[in-house]
Amino acid sequence: MARTTTGRGRDQVHHQPDIARAAQLIADPSRARMLKALGDGRALAAGVLAAEAG
């Protein structure tokens, strides 16, 4: 996270998305199976998602 100071002395924080962290979460096999199950847009019960996760 980079900070820059404006002419008025206020700090502005420039946030960048943490793509590597998101990719790491999606790459987890259990999460990937749950995301695949949700991919068609249907709402699924927690028990169904748990079964998909293994």
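**Group meeting: a walk through a predicted model**

Read along the sequence, this chain follows the pattern β-β-α-α-α, and its secondary structure comes to three helices and two strands, where helices (H or I, at least four residues) and strands (E, at least two) are DSSP runs numbered from the N terminus. Please keep in mind that this is a predicted model, in which local features need pLDDT of at least 70 and side-chain atom pairs count only at pLDDT 80 or more, while totals for chains, interfaces and linings use all residues. Residues are numbered from 1 along each chain as its sequence is written, and side-chain values use heavy atoms, with hydrogens and water left out.

Let me begin with the surface. The accessible surface of the chain comes to about 4600 Å², and 56% of that belongs to carbon and sulfur atoms; accessible areas come from the Shrake-Rupley method with a 1.4 Å probe, and for residues only the protein chains shown count as cover. Of the 54 residues of the chain, 6% count as buried, where buried means under 20% relative accessible area, exposed means over 50%, and partly exposed lies in between (1.4 Å probe, protein chains only).

Turning to helix H2, which spans residues 29–38, we find Leu 35 there, and at 45% relative accessibility Leu 35 counts as partly exposed. Ala 32 is also found in helix H2 and is partly exposed because its relative accessibility is 29%. The C-alpha atoms of Ala 32 and Ala 53 are 8.2 Å apart in space, although the two residues are 21 residues apart in sequence.

Helix H3, residues 46–53, holds Glu 52, which is partly exposed, with a relative accessible area of 36%. Which residues does Glu 52 contact, leaving aside its neighbours within four places in sequence? They are Arg 33 and Ala 37, with contact meaning heavy atoms within 4.5 Å. Between Glu 52 and Ala 37 the C-alpha to C-alpha distance is 7.2 Å, for a separation of 15 residues in sequence.

Finally, the charges. Side chains of opposite charge can pair when their charged atoms come close. A search of the whole structure finds one salt bridge, defined as a side-chain nitrogen of Lys or Arg within 4 Å of a carboxyl oxygen of Asp or Glu. Arg 42 forms this salt bridge with Asp 40, and the closest N and O atoms are 2.6 Å apart; Asp 40 counts as partly exposed, at 48% relative accessibility.
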